[in-house]
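Open the model in your viewer and colour it by confidence. The stops below go through it selection by selection.

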Amino acid sequence: MDAMAISSAPISVDSIKETWMQTFILSFQSLGVIYGRLSTAPLYVFETIDAGDISSPEEIHELFSFIFWTLTLIPLLKYSFIVLKADDDGEGGPFSLYSLLCRHAKVGLIPSNSGSSKMLYHEEDEISSSPSQGKPENKARKAIEKYKSCHYLLLFLALLGACMILSDAVLRPSISVLSATSGLGRSLAEISQVFYSDHRKDHVANVFQKYLPAPVACAILVGLFTLQHHGTKRIGCFFAPIIITWLLFISGSGLYNIIHYDAQILRAVSPVYMLRFLRKFNLRHGKLLSSTVLCIAGSEAMFADLGHFSKKSIKITFICFVYPVLLLTYAGQAAYISKNLHGDGAFHLSESIPNKDLEHIFAVLSLFASAVGSQATITAGFSIIHQCQALDCFPRVKVVHTSNKISGQVYVPDANWLFMVLSIAFTIGLHDTSKLAKATGLSVTTCLLVTTCLMSLVIALYWEKHLFASVYFLLFFGSVEAIYLTSTLTSFFHGAWCLFILFVFFITIMAAWHYGTLKKYESDVENKVSIEWLTDYSPSLGVSRVPGIGFVYSDVDTGIPAFFTHFISNIAAFHQVVVFVTFKASPVPYVHESRRYLIGRVGPKEYKMYRCIVRYGYHDNVRDTDDFEDDIIHSIGEFIVREEYDHEALNSPEGRMIVLGTLSNDGNVLITDTDMSSSECSSTVGVGESRRGLLDAPSSSGNRKRVRFMLPPESPKIRMSVSQELGEMLDARENGTTYFLGQSHLMARQGSNLFKRLLVMTYVFLGKNCREPPVALNIPNAALLEVGTVYKI
């Protein structure tokens with residue numbers, strides 16, 4: 001697994017020019033990942049319909065009309081031609097839409113998007129107020145920014161969409177595999193009739209059909225989730241041939257059924273059949289629609305899994321192959337059912353296979369295809385967790401990049417095993433395809449409606465289209481999805497209730513973590529002290545400076561964190577050089593390395609205290625790099641040299657901060673030389689080199705390599721004071737490094753309401769059981785000093 005971790009930041013597929021060969025390869029892989037779910041939906045769309053709810057063959061025609069227009073409007077028109085254009089630098093899903101809104105309207109509730117963090121945003125940085133300048137102020141943006149309730153509503157919508165995708169990652173594998181094993185049980189029951197006597201036939205058939213599906217489904221689920229660590233590329237290449245064979249097989253059967261049973265089914269593409277169905281709508285029709293909506297189960301994966309592939313590959317694959325093949329399959333199955341309405345098991349897809357000798361092949365093929373069909377929601381779940389975690393909406397878990405070329409291909413081990421356990425639990429607990437289908441239908445329609453709501457705001461605020469276009473999009477697609485949502489809610493007590501359990505589980509985790517993180521940040525800011533406390537009052541406390549360099553990690557980007565003042569008050573000493581390090585999540589997928597660090601001074605020069613603000617996007621892994629502190633020290637070295645003449649400095653309450661990585665006007669930056677003696681420090685500035693070559697990291701044997709700044713002789717001279725400060729920085733590095741990590745503990749105040757106490761208790765529990773803070777992962781225990789503070793909220 002560790003071999004999959006990349007050493008350099010991956011890039012988005014859509015950020016580079018894509019060749020047709022790359023598009024073909026990605027399209028092929030997408031069949032095994034994204035479209036596996038849509039492709040296996042025919043297994044249970046009609047199967048979950050109660051035959052007693054169908055009054056006539058004409059209703060089958062009307063249901064096929066719904067299937068045709070639903071597939072046309074939602075995945076084809078909405079996702080392929082509209083939603084895929086609203087990617088966030090190649091990333092998709094509800095949180096990518098939310099991050100677009102956070103960047104182009106002041107609606108973010110994430111701590112890094114408020115208050116003192118405004119100084120982070122350079123006019124040429126990734127975060128801009130609007131894509132088009134010079135236009136009159138958007139009235140919709142102004143109205144949404146004004147009311148805080150709108151900010152909470154947008155965050156809730158993003159969390160709701162994320163919870164639906166995570167719930168789907170649990171339910172979808174369960175229903176697809178259980179449906180296929182049920183078909184296998186029927187096939188084995190038929191075969192057993194040949195080998196057993198008459199008085200045992202019924203008993204053996206009952207065993208195969210009743211007791212076999214659930215255990216076999218659980219075994220397949222274990223195998224499916226075990227394969228996830230191989231990554232999207234390998235899984236896609238392995239699964240794609242299975243889905244292609246499956247689609248060709250069922251579409252061929254569908255074409256045969258259309259010709260042989262009911263060619264009139266093709267007339268049902270007329271919307272008149274839908275209107276006829278809606279005209280007589282009642283509770284029975286609502287139950288029928290709750291099954292029909294499953295035909296688009298997997299559509300949301302076209303957008304949520306965007307980071308794993310490219311827009312072009314996803315769009316071409318659906319339009320040219322998946323869409324027409326699925327229409328043939330549903331039309332053929334509807335044609336068969338309309339002529340065998342009262343036949344035994346007519347609603348099962350296996351019954352519509354033309355040749356009974358092919359049913360056993362179908363049973364095996366459907367078993368493989370159903371396992372593959374779950375891949376879309378599992379990979380989407382990984383992407384959503386990665387995004388939520390970076391935006392402080394999910395506890396810290398390990399994220400592994402499985403590709404060094406495609407940015408969004410990630411694997412989350414902890415989430416993978418959680419999905420597996422929950423999926424097996426629902427398979428054993430319900431062991432009923434119909435009940436699982438009701439829950440899946442509700443999750444699908446909810447996620448689709450959330451995407452429509454967020455997308456309508458993106459059209460108005462990000463694309464800056466006319467408000468009419470935004471409202472039309474919301475009303476047109478929202479009305480279609482609202483009809484399906486209403487129909488699925490009628491089945492709440494028939495299985496959809498299990499989705500509510502999953503929703504409560506995931507939303508509690510996400511809301512508690514976000515609430516706790518926000519409150520802890522607010523408490524840190526509220527209890528920080530000014531720079532004057534350290535510069536003016538610390539001498540009266542008899543504070544002394546000790547050799548070495550101290551890295552102080554906190555969430556505060558101005559002033560002195562409370563835990564550090566607590567440490568000084570008790571120890572009365574701190575290091576020769578102090579660097580206050582703060583990580584700030586930006587609502588973008590990636591922050592370019594040239595814009596990652598903001599360096600500034602804390603207090604007068606003689607105190608040798610610096611502040612480093614590290615920005616990262618929700619797909620960056622900057623805190624997992626082993627040489628991270630070396631990068632910071634080099635950045636401070638650049639800051640010391642550039643401080644006198646840099647024109648790209650930003651103003652902060654503490655003074656000037658410089659965006660590191662960008663070249664100054666003369667193109668000069670510091671480089672290092674490993675051949676100089678430890679006392680040498682050149683006084684020149686030279687041509688830029690890569691940051692990793694600027695500083696020698698500790699060797700694997702434990703002996704620290706010497707760190708030296710050196711600049712080419714043709715570069716202009718720098719001041720002696722600058723050279724001296726660089727030398728002192730290197731001396732401090734040679735004398736050793738200590739890492740200060742603040743541990744803020746939350747407690748609910750006496751008399752707090754039950755809901756608040758529950759959130760705090762959940763946050764504390766998650767904090768104790770999730771992964772360690774990333775800054776502490778690679779720090780030797782001997783060099784780590786944790787200072788705790790308790791906040792009562």
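Here an axis is a line fitted to C-alpha atoms, for a helix over the stretch in contact, and the angle between two axes runs from 0 to 180 degrees between N-to-C directions. This is a predicted model.

Start with the whole chain. The average pLDDT is 78, and 78% of the residues score at least 70.

Next, select residues 57-81, helix α3, together with residues 271-279, helix α10. Their axes come within 8 Å and cross at roughly 120°. The crossing of α3 past α10 is left-handed. Show side chains: from α3 come His61, Glu62, Leu63, Ser65, Phe66 and Trp69, and they meet Pro271, Tyr273, Met274, Arg276, Phe277 and Leu278 of α10. By type, the residues of this contact are 8 nonpolar, 2 polar and 2 charged.

On the α3 side, look for Phe66, Thr70, Leu73, Ile74, Leu77 and Lys78; they meet Phe473, Phe476, Phe477, Val480, Glu481 and Tyr484 in α18. This contact divides into 9 nonpolar, 1 polar and 2 charged residues.

Finally, select residues 1-16, where pLDDT stays under 50 and the model has 41 contacts beyond four places in sequence. Then select residues 662-707: pLDDT again stays under 50, with 128 such contacts. Where pLDDT is low, predicted coordinates should not be read in detail.

How values were computed
Residues numbered from 1 in each chain as written. Predicted model: local features only at pLDDT ≥ 70, side-chain atom pairs only at ≥ 80, totals over all residues. Heavy atoms only, no water. Helix = DSSP H or I, 4+ residues; strand = E, 2+ residues; numbered from the N terminus. Left-handed = near helix turned anticlockwise from the far one by under 90°. Contact = heavy atoms within 4.5 Å. Nonpolar A, V, L, I, M, F, W, Y, C, P; charged D, E, K, R; others polar. pLDDT = per-residue confidence, 0-100.
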